[in-house]
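These notebook entries record what I looked up in one protein structure. I began with the elements of the fold and ended with single residues.

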Amino acid sequence: MEHAVGIRGGGRVELAAYGLADAEHQVEKELRALWPQAAVEVTDVSRMGEPGRIVEEFRVSYRVRGVVPTVADTDAEARKAALRVMRDRFLGSRFERITWEAVQGPAAKGGAAKDAAG
């Protein structure tokens with residue numbers, strides 16, 4: 001049976017960038033490349049070192065949410081399968097430590113209700 005599982009996740013990464021806007025843009029761009037249908041929200045950007053250098057170190061916190069289609073016999077199996085899909089999709093990226101959570105349908109709203117089969 002087909003299921004559409006709402007998934008949300010969040011985390012924090014550290015990266016080098018030319019400024020706050022560049023750090024935010026890099027994170028949004030990379031997350032959308034990994035999950036194009038997701039709603040991406042950067043929740044915080046902070047400098048880690050001394051300002052004034054051309055390239056600075058930043059810590060960026062973010063959230064992503066969307067819907068992952070799965071095929072499973074039960075809702076519980078569908079949630080497990082969706083979480084496995086997302087962990088596998090982000091494996092090897094700077095975002096592989098995202099904390100994922102399966103949520104009830106409306107939690108994936110916000111422009112990300114398309115499938116995430118990508």
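**Entry 1: terms and overall fold.** I note that the model is predicted. I then counted the elements of the protein chain and found 2 helices and 4 strands. Read along the sequence, these elements follow the pattern β-α-β-β-α-β. Among contacts between residues at least 6 apart in sequence, 73% join residues at least 24 apart.

**Entry 2: the sheet.** In which order do the strands of the open sheet lie? I recorded the order β2-β3-β1-β4, with antiparallel pairing. β2 and β4 (99-103) stand at the edges with a single partner strand each, so one side of each has no neighbour in the sheet. From one strand to the next, the twist averages 15°. I reminded myself that strands of a sheet pair through backbone hydrogen bonds, either parallel or antiparallel.

**Entry 3: the strand pairs.** I took the pairs one by one.

- β1 and β3 run antiparallel and are joined by 16 bridges. Within this pair, I found glycine 11 bridged to tyrosine 62 in β3.
- β1 and β4 are also antiparallel, with 5 bridges. Here glycine 9 stands opposite tryptophan 100 in β4.
- β2 and β3 pair in the antiparallel sense over 8 bridges. Valine 45 has valine 60 of β3 opposite.

**Entry 4: the helices on the sheet.** Which strands does α1 touch? I noted that α1 packs on the sheet and touches β1, β2 and β3. The direction of α1 makes about 150° with that of β2. α2 packs on the sheet as well, touching β1, β3 and β4. Its direction makes about 30° with that of β1.

**Entry 5: the nonpolar core.** I looked up burial next and found that 38% of the 118 residues in the protein chain are buried. In soluble globular proteins, nonpolar side chains tend to be buried together. The largest nonpolar core has 26 residues, and Ile7, Val27, Leu31, Trp35 and Trp100 have the most contacts inside it. At least two residues of this core come from each of β1 (2-17), α1 (20-34), β2 (39-47), β3 (56-71) and α2 (75-90). Leaving out residues up to four places away in sequence, valine 27 touches Val13, Leu15, Val42, Val60, Tyr62 and Phe95.

**Entry 6: the largest pocket.** How many residues line the largest pocket? I recorded 10 lining residues, of which Ala4, Val5, Asp75, Arg79 and Val103 lie nearest its centre. β1 and α2 are the elements that give two or more residues to this lining. β1 gives the most, with 4 residues. The volume of the largest pocket is about 150 Å³.

**Entry 7: glycine 10.** I placed glycine 10 in strand β1.

Entry 8: Aspartate 44 belongs to strand β2. With 39% relative accessibility, aspartate 44 counts as partly exposed, because that class lies between 20% and 50%. Not counting residues up to four places away in sequence, aspartate 44 touches Arg59, Val60 and Ser61. Its C-alpha atom and that of tyrosine 62, 18 residues apart along the chain, are separated by 7.0 Å.

I then turned to aspartate 22, which has its place in helix α1. The C-alpha atoms of aspartate 22 and phenylalanine 58 are separated by 9.8 Å, with the two residues 36 residues apart along the chain.

Technical notes: Residues numbered from 1 in each chain as written. Predicted model: local features only at pLDDT ≥ 70, side-chain atom pairs only at ≥ 80, totals over all residues. Heavy atoms only, no water. Core = buried A, V, L, I, M, F, W, Y, C linked by side-chain atoms within 4.5 Å. Buried < 20%, exposed > 50% of the residue type's maximum accessible area, 1.4 Å probe, protein only. Contact = heavy atoms within 4.5 Å. Pairing = 2+ DSSP bridges. Axes fitted to C-alpha atoms, helices over the stretch in contact; angles between N-to-C directions. 1 Å grid on protein atoms, 1.4 Å probe; cavity = no way out; pocket = protein on both sides within 12 Å on 5 of 7 lines; lining within 4 Å. Points joined across faces, edges and corners; volume = space filled by probe spheres on them.
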